[in-house]
Amino acid sequence: MDPSIIFILVAIIVLSIILASIGAYVVIHNADEKEKTPAVIDVSGQYAVLVRPARESIEKVKPSLDEVKAWLVAQNISEEERIRLLTQWTETTDESVRVVDEGDKNGTVTYRVVLGPKSKIFCSFMGDDNYITREQIRNHAEILPPYVLGCDCKLVPKLPWENPGKQGWKALVPENGVYHVPDWRHIA
């Protein structure tokens with residue numbers, strides 16, 4: 001056998017071993033990196049894997065119960081009225097959280113707020129035909145009821161077959177990036 005052919009065969013075998021080793025090193029090295037970085041997914045919408053809990057979003061933007069209690073104590077109202085307003089604030093917040101949490105479980109991505117007669121004058125930022133999305137709730141939980149003390153608004157899922165009238169549903173849109181939600185320090 002010709003020595004040049006043997007040399008070429010040995011060179012091909014050595015080169016193949018070197019390339020296979022480099023490939024194995026890259027695959028093993030990349031697999032280790034993927035295992036080290038835990039993926040934290042915080043997305044919303046129809047294809048969400050994990051969403052931030054509604055209560056966590058609300059607690060970031062709504063006053064705490066201690067703040068509400070302190071403000072109510074400073075007002076010239078009876079103890080019974082303070083207790084009623086605080087209870088209603090807590091119940092409305094809990095109801096909004098419950099509706100969003102149920103929606104997260106069953107895939108609801110749009111909601112509407114049914115404006116109560118006592119709170120309607122404070123809610124000029126929203127009409128009866130507006131809807132809000134889960135993504136808006138995740139980023140701007142201030143658009144969830146309650147808006148003021150004594151608020152009688154309710155969050156409900158927006159069902160596809162509901163139709164508010166000739167105009168149709170309108171997305172709740174911020175003005176200059178801000179939703180003009182009323183200051184909570186009003187009593188409806």
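Predicted model: local features only at pLDDT ≥ 70, side-chain atom pairs only at ≥ 80, totals over all residues.
Me: Which residues line the largest pocket?

Reply: The lining consists of Arg55, Ile58, Glu59, Lys62, Pro63, Ser64, Leu65, Trp89, Thr90, Thr93 and Asp94. By class, four of the lining residues are nonpolar, three are polar and four are charged.

Me: Which helix gives the most to the lining of the largest pocket?

Reply: That is α4, with four residues. Both α2 (54-61) and α4 (79-106) supply at least two residues each to this lining.

Me: How are two packed helices described?

Reply: Two packed helices are described by the angle between their axes and the distance between the axes. Here the axes of α2 and α4 come within 9 Å, and they cross at roughly 140 degrees. An angle over 145 degrees would count as roughly antiparallel, so α2 and α4 are oblique to each other. The crossing in which α2 passes α4 is right-handed.

Me: Which residues in α2 and α4 meet?

Reply: From α2, Ala54, Arg55 and Ile58 meet Thr93, Asp94, Val97, Val100 and Asp101 of α4. Sorted by class, the residues of this contact are four nonpolar, one polar and three charged. Arg55, Ile58, Thr93 and Asp94, which take part in the contact, are also among the residues lining the largest pocket.

Terms used: Residues numbered from 1 in each chain as written. Heavy atoms only, no water. 1 Å grid on protein atoms, 1.4 Å probe; cavity = no way out; pocket = protein on both sides within 12 Å on 5 of 7 lines; lining within 4 Å. Nonpolar A, V, L, I, M, F, W, Y, C, P; charged D, E, K, R; others polar. Axes fitted to C-alpha atoms, helices over the stretch in contact; angles between N-to-C directions. Parallel < 35°, antiparallel > 145°, perpendicular 65-115°, else oblique. Left-handed = near helix turned anticlockwise from the far one by under 90°. Contact = heavy atoms within 4.5 Å.
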